[in-house]
Each structure stands twice: as structure tokens, then as C-alpha cells.
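Dear colleague,

I am handing over the structure below, and I would be grateful if you could read the notes that follow alongside it.

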Amino acid sequence: MSSSNDRPLIVQADGTILLETRHRLYDQARQVLAVFAELEKSPEYIHTYRVTPVSLWNAAAGGLASHELLETLTGLSRYQLPASVRKDITEYMARYGRLQLVKGGDQLVLRSSDAALLAEICRHRTAGQYVVEHVGPREAVINPRYRGHFKQAVTRLGFPVQDLAGYIEGARLELALRDRSRSGRPFALRAYQQEAVDAFHSGGGLAGGSGVIVLPCGAGKTVVALGVMHRTRCHTLIICTHANAVTQWREELLDKTTLEPGQVGEYTGRRKQLCPVTLATYQILTHRRSRAGEFTHFGLFEKGEWGLIIYDEVHLLPAPVFRLTAELQARRRLGLTATLVREDGREVDVFSLIGPRRYAAPWKTMEHAGWIAPATCYELRVPCSPSLRAQYAEAEGQDRYRAVAENPDKLGVVEGLVRLHRPRGDRVLVIGQYLSQLGLIAGRLGAPLVTGETPAEERDRLYAAFRSGDTPVLVASRVANYSLDLPEASVAIQVSGVFGSRQEEAQRLGRVLRPKGDGRGAVFYTVVTVDSVDQDYAHQRQQFLTEQGYSYRVVDCSAGDLGGVLAEGGASE
């Protein structure tokens, strides 16, 4: 090991960790930090991470011991670890599993070796209301109907429950994975996909059966879900982000498993089918006739004999579905996502109600193995004209961001990028937030526009034309963020977004990460107005991808000059 003066980390007493980006051990340290800390700031030379309770609990749930973490951290730290940090890491990781839910005959029992903690939980105003009886110094009976509510309440107190109470099996469903897909291609789970299935299932033991799988976009999270379904073999409810995602899931299920069409149903605004495998959307589950009314379709969770519930893009789980999920703790629950980041800060509820992170694969590791396309990211900075600057100065709130996000000079940059990439055979996605801006871009490019108002059948037709190459450029609103299977896309141009959303940035890069048949890489451009909140938000949006090892090449596009990109000849060769 190097001398302490030649190490990349500085650990501070407030729990923040500084990482020197130009250090030769940067990549090693970044991968270590990703296991138990969250990136907060990412300027050019020093990145700032913070250790949080949820990040430590996920590390503990994954089997990492506090002494192993401290040993690794010490070996990478320039200075001695502060005593307060050592104490926090040790204590928070020790909290995972201090409370356990188990089955005691027909009862749901809370056990703890810490009698004082158990007594405190039983007396607590919120958590205590779910306690039926405090039967001894180390046991209490919990109302099984409120199993999830209790876990949620106690986790918010800082003591995550290890749930070992098991699950109902659900109705039996025989299915197998095909060796060759119906479309004729050889099919088998990749090694990391099998590892993810094994980590979730945990040999069928009580410690498995709930939790989140974190894989990059394009790495085959759906295939992992198929592997879990094959392992559990029970009636399954799959909740998707939108109707097109339902179509894609159905195609994958029928292509790669022995399920027959009549066994896979759709419960959406288009049709209401209940089958052994049912695909629903978050939108249908959160539908109600009035703001104060009941959720119309919540009964779906009780209509089927589900043994497994799959939450696609679990980082988007709407608040009402959290409430539903709290009452579904007796069923196996699998969350799929490319990032556990939630802009509403409800990561702790994902942890308590869906389960801990069971498996995660770093994006760059997947890239180096060839499972996702290598990607180059650019931040293209467009100047702000005097008239726009005046409009920006007078605007307030969201209008202030929108003014610069819709900078008219971005249109010329987008046109230049399309001219650069189309002769090379690239398929280009232009993605943004504001429909007026996207309409202008689509008109200038002569490209179709897909929005939330585009009928599902028309979307499917446009996506098919893009895949075939008949439509090489597609302009899309936020509908392109999630569960969009366009493996041929190799270039994404982002012109506006949801303020500083890190999860959206990750999803948009993910649209172009499917490996290309000709081996070409992916290129991701984000076009921002310089010296404005547009640039500030872009910096915030980039943090998750920076944590994964991506960097953004900054190009000054003054007077429409794409010099930096043109000089390199693009990045998709």
C-alpha cells in the first residue's frame, strides 16, 4: 500500500468524504465508495461523498461487515479516520438485523437481543400502534396486517427490520426459460444476471425473496426478472411505467419463456385482463375519479393469487403505491432499476417496503465486459443572447429555468449534431421536456415527435420505423425516459429536462447503451445555456453518472461552433 500522503481520500468528521479525481487510485476508490456512500458534488478535481444510514444498511444487507469497510476505507484515506466516523459506520451497520420479524406459529413476532430497544419500539407513538402485545423482554407480537407499515415506521426511526417472516407461495405457475427464443436466437442468462437471480432468491431461504436489483439500462433487467419468475414459479403481477412498456414486457415473456399468450394478461387503460402473469401500469393503479376519491384499481392486488410482484423502474414508485406495498409484505417483491436515486428522498421507503439492494453492477464494469455500449458524454454550452438574458433576469421560479432551457440557439446545435452523425448511419434520439421546444426541433429536422399524447399504436409504429432505419431521427418527450427498447439508438441529444434530476440523466443515457451489432459506441449530448440555471441543473443531473465513472467533455458552442465535437470527428466510430 502507498504511503498515507499518496492516498486519494480525505474522510471528514461530518461524514463527508473527499475524493481526488486525478489520483491514480481514483477508479478503485470510486468503486469502493459506491458500495456505502452517495455522491453529493462532482466538480472537476474533488468529488464529495456522504455516508448515509440507508447506504450503510444496503451495504450491511449485502453482507459487508463494518470492520471490512473500515479496513478498506483506512487503506485509501490520506489521514486517520475520525473517531466519529468510525463510530457512525459501526453503529449504523450494526442496526441492520438488530430487529427481526419472524413467524411464531400463526403470529408475526418481533425479536431483538436488545431488550431496551424493543421496549422503546413498543412504547413509540407511531411504531407502537402496530404492536399487539409485548410478551417478554425480547419479543413482541405485531399485527400481521400492518407488517409493512411497522417496518416503514421503525426504519424511519433508524432501526431497519430484517424481515424473516416468509411469504405466501401464491398460485403455482409452471414455466421454463427457452434455450432458443421464439424469434430464433440462442438464449441464456448471462453470468451476472444469474448472480442477480441467486442473490434475490437466496436459495429460497427466509433472507431472500424481497429487494432491489440495480443494473445499467441495457444490461437486461427484464431478463433477470424472467430468471426470478422461473425460480419462484408462481402467479406474478408486473407493474410497468406505461402501456408501451407493457407491450415490451409481454413480447419478452412470450419470446424467452414457455408461457403461452393466454397466460399473459394486460391490465391497463386499453384492456382489463387477469391472467397468471398480469402486466399493469403505475398509472392505472393510481387512477381515481377525483382527487379525494378512492383509487379505482387498488383491488387488483387482491384479485390474483400473486406470489411475486415485480416493480419495474422502482425508483419511480408513486406515493400511493408505497401505501399499497406496505400491505403486501407477505408476497415476494422484486424491484428493478438503473439507479436507487429518488429525487423525493424516499430511498428509505424503497428499502423498508420493497427490500434492500440485493445486487448491483457498476456501469463501467458492464461496459468493459461488453454488455453495454461504451459511451462518450458531452456538455455543449450554448451562449445566451442579450434578449434572452433580459427575459431570464425578469423571470421567476420555473419560468426562469424554462426561458434558458428553450434557448432558440439550441436548435442550430441540434441540427449540426444530426448533420454530423447521420452520414455515419447513427440513429439519433432527441429528448426534451417542453413540447413547444420539441415541436420546433421536430419541424426543423423533419422528424416525427412522440409525446404522452401520441396514441400507443402510433408510438409502436414510430418505434418500429426507428428500429428498421426507415426513421433515423426521432424526437421524444419524457415518454422516452423509461422502459423504451430501441437498441439501435446510438446517439441521444438532450435539450431540456426535469430541472436537476439525476435519475432522468441516467435513464436518458440508458436509451443508447444497448450494444450495437457493428460495435460502435454511444454518444450522449446535453445542450445547455451557459452561465444560467440550465448549466447549474446540468451539473446536478450529471452526478449519478459521474459516480458511475462517466465524465463529460465540455464544448463551447459560441456562434454555433461545434468545434470540439467536429475536431474529434464525433465519438461513435
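A cavity here is, on a 1 Å grid over the protein atoms alone, a set of points where a 1.4 Å probe fits but cannot get out, and its lining residues are those with an atom within 4 Å of a point; grid points are joined across faces, edges and corners, and a volume is the space filled by probe spheres set on the points. By this rule there is 1 cavity of 30 Å³ or more. Please note that this is a predicted model, in which local features need pLDDT of at least 70 and side-chain atom pairs count only at pLDDT 80 or more, while totals for chains, interfaces and linings use all residues. Residues are numbered from 1 along each chain as its sequence is written, and side-chain values use heavy atoms, with hydrogens and water left out.

The largest cavity has a volume of about 70 Å³, and of the 14 residues that line it, Y401, T526, V528, D534 and R541 are the closest to its centre. Two or more lining residues come from each of β22 and α21 (533–541), and α21 gives the largest share, 4 residues. Helices (H or I, at least four residues) and strands (E, at least two) are DSSP runs numbered from the N terminus. The lining divides into 7 nonpolar, 4 polar and 3 charged residues, where Ala, Val, Leu, Ile, Met, Phe, Trp, Tyr, Cys and Pro count as nonpolar, Asp, Glu, Lys and Arg as charged, and the others, Gly among them, as polar.

Strand β22 also belongs to an open sheet of 7 strands, in the order β19-β20-β18-β21-β22-β17-β23, with parallel pairing; two strands pair if DSSP finds at least two bridges between them. Because β19 (449–450) and β23 (552–556) stand at the edges with a single partner strand each, one side of each is left without a neighbour in the sheet. The pairing of β19 with β20 (residues 473–476) is parallel, over 2 bridges, and places V450 opposite A476.

Elsewhere, β14 (residues 308–311) pairs in the parallel sense with β11 (residues 236–240) over 4 bridges, and 4 bridges also join β14 to the parallel strand β15 (residues 332–337). I310 is the bridge partner of I238 and, towards β15, of L334. Both faces of β14 are covered, since L308 and I310 on one side and I309 and Y311 on the other are all buried, that is, under 20% relative accessible area.

With best regards

How values were computed
1 Å grid on protein atoms, 1.4 Å probe; cavity = no way out; pocket = protein on both sides within 12 Å on 5 of 7 lines; lining within 4 Å. Buried < 20%, exposed > 50% of the residue type's maximum accessible area, 1.4 Å probe, protein only.
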